[in-house]
Amino acid sequence: MNLAMIRYVLGWALAVEGAFMALPCLAALVYGEAAGWWFVPVALGALLVGGLMAWRKPADTTIYVREGCVATALSWIVLSLVGCLPFWLSGEIPFFLDAVFETVSGFTTTGASILSDVEALSRCMVFWRSFTHWLGGMGVLVFLLMVLQMPGGSRMNLMRAESPGPSVGKLKPKVRQTARILYLIYLGLTVLEVILLLAGGMPLFDALCTSFGSAGTGGFGIYNDSMASCSPYIQWVTTIFILLFGTNFTFYYLLLLRRWKQALGMEEVRLYFLIVLASVAVIVLQLCAGGAAFGKTLRDAAFQVASIITTTGFATVDFNQWPQTSRSVLVVLMFVGACAGSTGGGIKVSRISILCKTMFKELHSYVVPKSVRKVELDGKPLNHEVVRGVNVFLVSYLLVFTLSVLLISLDGTDMVTNFTAVAATFNNIGPGLELVGPTGNFGHFSPFAKAVLCFDMLAGRLELFPVLLLFYPPTWKGAFHRTRRAAA
Amino acid sequence: MARRKAGAARDGLNIILVGCGKVGVSLVEKLSQEGHNITVVDRRAAAVSAVTDLYDVSGVVGNGASYRVQQEAGIDEADILISVTASDELNLLCCTVAKKAGNCATIARVRTPDYSEDADYLKEKLGLAMVINPEREAALAIARLLCLPTALSVTSFAGGHAEMVRIRIPQGSKLDGRCLRELGKELVGPVLVCAVERSGQVYIPDGGFQLASGDALTFICPSRDSKQFLGRMGFETHQVHNALLIGGSKAAYYLARRLLAVGVQVRIIEADMARCEELSCLLPKAIILHGDGTDADLLREAGILQAEAVVPLTGIDEENILLTLHARAVAPGAKAVTKINRIMYPEAVAQLDLGSVVCPKHLTTDAILAFVRSRGASKNSNIEALMHMFDNRVEAIEFLAGEGSPLLDIPLRELALRDHLLIACLFRNGRTLIPGGDDCIHAGDRIIVVTTHTGLRELAEILA
């Protein structure tokens with residue numbers, strides 16, 4: 001295994017994180033908060049250590065699939081461990097594991113929190129907490145791909161490990177250009193949201209943090225009631241933008257190229273909006289039948305559905321109090337997740353679509369034996385490898401899910417809490433139901449359960465295999481032996 | 001509408017490559033190293049994903065000649081379309097469609113004699129920028145070697161007026177232990193030593209460099225002087241009188257035609273009767289033998305022991321290599337040239353005592369690369385030819401100096417050239433000269449540069 005290259009990538013990731021820590025420092029300066037000082041040593045330390053690690057570029061810059069996955073998974077762990085230091089050192093989150101949980105939740109854009117009183121945090125801490133969403137949304141390594149020089153296939157192996165979806169499509173021939181376009185679209189949409197939120201009378205700080213939270217489909221609220229106290233205008237703007245960030249970014253690229261027909265024909269995007277509309281309709285019908293006012297119900301239903309399907313996790317209402325059907329719809333949406341190639345988590349709409357088509361293909365083969373059919377997406381036959389990959393993903397997903405529920409049930413909390421806590425972290429959403437509902441938090445779990453949930457968040461964000469690979473012994477077999485040639 | 005943006009050169013050109021075969025992959029490797037934006041097209045999904053997994057390029061699965069597929073591959077913004085599928089017809093069709101669909105330069109690989117005879121006509125009528133025929137290029141390279149059998153390789157520059165020749169210095173040669181500077185006094189003709197390979201290392205030598213036996217020496221000189229020089233240094237310089245070609249492939253046809261034209265007797269062994277008959281009509285002066293070329297008895301009967309040159313041209317590399325080794329064993333005096341199409345293991349092949357090796361894939365790649373580099377460069381210089389030597393560590397590039405190049409009319413001694421770079425040869429008004437410090441470059445000159453800096457795109461880049 002090319003350990004030197006993994007060291008190099010990790011070094012760069014650390015240095016970039018250190019550089020981005022300048023932003024909360026700035027926030028601390030603006031608000032004159034002493035807690036901001038804690039960012040300075042951590043940022044400088046990250047820059048120094050990262051700089052040293054990335055100082056010497058390895059002679060062999062090839063990254064194979066294994067190195068790509070390991071480098072990605074390790075860099076996310078290192079980023080989280082370093083990113084949590086300011087919270088812990090400043091004493092605002094007194095327990096180290098809690099700080100790790102909060103930061104992992106930030107980078108993986110989960111938005112699950114252990115804090116019961118968010119408003120007690122100093123502003124620079126809140127800013128950093130929300131900014132981790134923005135960084136984690138598109139991925140730090142995708143950012144690095146714009147800067148680093150390495151052989152072509154190697155870039156692809158890194159990008160594939162970090163990008164969500166059954167198969168990674170490039171918008172442009174080169175990974176570097178693709179990464180740049182993705183970040184430009186990401187930045188453009190974020191800025192647009194900030195402007196629209198400002199227009200709604202939101203203070204700049206709040207607008208920035210809310211935009212980071214929705215851009216990464218993260219969901220750290222900056223108020224104790226998440227977004228319930230915001231004006232209807234702001235709630236609608238947020239609803240629309242989280243839906244936009246949950247859409248496959250290829251859609252925007254096609255729009256930019258003015259290929260309207262191709263963009264609007266994207267099967268996944270159409271299905272995604274269809275699911276959103278249907279879910280909103282079901283919830284509105286049920287709530288209105290219970291006698292609620294239509295206007296507010298529509299807004300709440302749309303907000304909650306958008307927030308859950310895109311795996312953001314903002315809330316404007318305590319949906320824990322909703323009737324069972326509506327609650328169940330939300331739980332189902334947790335698993336569906338956003339589109340591939342977006343910043344959202346979950347199983348992804350395209351995978352669901354492929355799985356359903358595979359099922360129908362199987363059914364068809366019972367009716368007409370020996371009939372040949374290919375599973376298609378966007379009118380193109382899918383490679384057998386992709387279909388197989390999706391099936392294996394689902395199996396692994398269910399295994400990890402079941403095991404996690406089992407492990408955190410050791411805490412003794414009720415079934416719904418445990419089930420939705422794992423669903424909410426594994427799918428990178430944030431709030432679940434009952435104890436971990438929108439008004440609750442994850443603070444009451446034991447340290448062991450928190451560690452399991454941290455693992456779930458990372459595994460969910462990186463789509464299982466890069467993280468699972470770290471725990472698979474053959475990955476490390478022979479990794480630390482110097483080959484005879486390397487020694488010579 | 002001006003589709004091509006001015007700044008496109010720096011970001012690399014947009015290139016569509018149809019066909020992910022041997023040549024396709026080797027082109028992708030070289031072109032993506034030079035920073036171009038490449039989209040590959042092939043019918044076989046597996047071939048496309050193999051390339052996109054290995055290199056930083058995007059891929060489209062489909063028929064490259066279809067307008068829709070070309071659209072998807074981005075023909076609107078493409079600068080160059082290169083078609084190297086197995087079928088000549090498909091290649092020509094791809095280029096024709098691309099020419100109409102987008103505003104790009106097109107390059108087609110055409111191998112069958114049916115089309116390549118009228119390559120110039122096709123090029124003009126179909127608006128192709130380049131028609132490349134690897135089999136013919138390989139045949140010409142082999143023919144040059146048979147005309148100068150002592151050489152390990154012979155490459156022609158300046159439209160055939162200058163030659164770059166590589167030889168190995170044998171034990172007890174006049175060159176053994178000599179300094180290049182003292183050699184200079186004996187050399188009456190215009191000859192320049194550009195590179196020496198010694199135990200795996202490549203040197204671009206200066207005057208103090210001392211030669212030794214076993215070195216592989218590369219020199220450049222006007223084509224007609226190379227024999228004279230080698231003769232003076234005690235090398236055998238006669239061209240071969242007869243040649244035995246094993247396998248009646250397209251390359252064999254091109255080679256036989258070329259050799260017959262300069263008066264070499266040609267025998268061709270071919271296993272397929274129909275092909276034998278076809279060849280005997282096409283090449284009435286050649287002797288066509290029907291039989292299995294890998295049969296040692298048949299080879300003896302065909303006169304391998306008397307042959308002055310043996311060239312295995314079967315479609316299978318392994319057979320070619322074994323046939324060469326056999327020929328060198330039974331007929332040590334004969335010149336053997338091995339054609340290798342795939343070369344998956346260059347290190348292993350280098351260990352074998354094969355003598356001269358010709359690789360059509362590399363010839364094609366180099367020719368296309370020369371074209372692509374010129375496209376990316378400014379207007380005041382142009383790359384006419386390009387050759388990779390010593391495992392791609394050294395490049396020999398022929399530039400055409402245009403009006404407005406910043407190097408014109410300055411004595412060479414005043415130019416601050418890069419290290420490890422040599423201006424090996426100037427070609428002006430039909431004359432080849434080996435430049436000294438007082439010579440200047442004029443507009444319209446062709447300049448051959450030998451350097452270890454790979455990737456030069458224009459003449460001005462030879463300056464430090």
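Trp38(A), Leu81(A), Trp88(A), Leu89(A) and Phe96(A) form a nonpolar surface patch of about 440 Å². The model is predicted. Phe96(A) has a relative accessibility of 35%, so it counts as partly exposed.

Now the charged pairs. Side chains of opposite charge can pair when their charged atoms come close. Over all chains, the count is 22 salt bridges. Three of them are tabulated here, including one in chain A.

| Salt bridge | N to O distance |
|---|---|
| Glu463(A) and Arg351(A) | 2.9 Å |
| Arg198(B) and Asp215(B) | 2.8 Å |
| Arg373(B) and Glu395(B) | 2.8 Å |

Take the pair of Glu463(A) and Arg351(A). Glu463(A) lies in the loop between helix H21 (447-461) and helix H22 (465-470) of chain A, and Arg351(A) in helix H18 (residues 349-367), so the pair ties together parts 112 residues apart in sequence. Both residues, Glu463(A) and Arg351(A), are buried.

In chain B, Arg198(B) pairs with Asp215(B). Arg198(B) belongs to strand S9 (residues 192-198) and Asp215(B) to the loop between strand S10 (201-203) and strand S11 (216-222), so the bridge links parts 17 residues apart in sequence. Arg198(B) is partly exposed at 25% relative accessible area, whereas Asp215(B) is buried at 2%.

Arg373(B) bridges to Glu395(B). Arg373(B) is in helix H16 (residues 360-376) and Glu395(B) in strand S19 (residues 394-401) of chain B, so this pair connects parts 22 residues apart in sequence. Arg373(B) and Glu395(B) are both buried.

Shared partners also build a network: salt bridges join Lys348(A), Arg351(A) and Glu463(A).

Definitions and conventions: Residues numbered from 1 in each chain as written. Chains lettered and ligands numbered in written order. Predicted model: local features only at pLDDT ≥ 70, side-chain atom pairs only at ≥ 80, totals over all residues. Heavy atoms only, no water. Patch = residues over 30% accessible without salt bridge, like charges linked within 9 Å, V, L, I, M, F, W, Y side chains within 5 Å. Areas by Shrake-Rupley, 256 points an atom, 1.4 Å probe, with all protein chains shown as cover. Salt bridge = Lys/Arg side-chain N within 4 Å of Asp/Glu carboxyl O. Buried < 20%, exposed > 50% of the residue type's maximum accessible area, 1.4 Å probe, protein only. Helix = DSSP H or I, 4+ residues; strand = E, 2+ residues; numbered from the N terminus.
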